[in-house]
Amino acid sequence: MAGFKHLVVVKFKEDVVVEEILKGMEKLVSEVDAVKSFEWGQDIEGQEMLRQGFTHAFLMTFDKKEDYTAFVSHPSHIEFSATFSTAIDKIVLLDFPSVLAKAPA
């Protein structure tokens, strides 16, 4: 097992300034020690039919599920979630124990 993952895939509303949301998310993960790593990306290759309008993916890694639970209840997460949720048109969220099939080189 390689920790616990929190994956969020979103389509932002048309009028959202995505850069502001990204700055807020980076600030959030820097304030919560339970977050071991944070990655994000914007789709640049996906065919519209396959990505179904989703444009951004966010991935957080935690050592264990309990750390994720602590993150979700952290005051900074609660505050940021209110802003984040108003910016979203569509969302997919997956929380899962990770199985490492191939280690980074």
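Which element supplies the largest share of the lining of the largest pocket? That would be H4, with five residues. The structure here is a predicted model, so a few ground rules apply: local features need pLDDT of at least 70, side-chain atom pairs count only at pLDDT 80 or more, and totals for chains, interfaces and linings use all residues. Residues are numbered from 1 along each chain as its sequence is written, and side-chain values use heavy atoms, with hydrogens and water left out.

Back to the largest pocket, which holds about 230 Å³ of space. A pocket here is an open set of points on a 1 Å grid over the protein atoms alone, where a 1.4 Å probe fits, with protein on both sides within 12 Å along at least five of seven lines; lining residues have an atom within 4 Å of a point. The volume is the space filled by probe spheres set on the points, which are joined across faces, edges and corners. The lining counts 17 residues, with His6, His77, Ser81, Phe84 and Leu93 nearest the centre. At least two residues each come from strand S1 (4-12), helix H1 (18-31), strand S3 (56-62), H3, H4 and strand S4 (88-97). Helices (H or I, at least four residues) and strands (E, at least two) are DSSP runs, numbered from the N terminus. By class, this lining has 13 nonpolar, four polar and no charged residues; Ala, Val, Leu, Ile, Met, Phe, Trp, Tyr, Cys and Pro count as nonpolar, Asp, Glu, Lys and Arg as charged, and the others, Gly among them, as polar.

The second largest pocket comes in at about 150 Å³. Its lining is made up of Gly24, Lys27, Leu28, Glu31, Ser76, Glu79, Phe80 and Thr83, and H1 and H4 are the elements that give two or more residues.

Phe71, Val72 and Ser73 of H3 touch Pro75, His77 and Ile78 of H4, where contact means heavy atoms within 4.5 Å. Four of the contact residues are nonpolar, two are polar and none is charged.

Finally, glutamine 52 sits in the loop between helix H2 (48-51) and S3. Its phi is near 55°, a positive value in a residue other than glycine.
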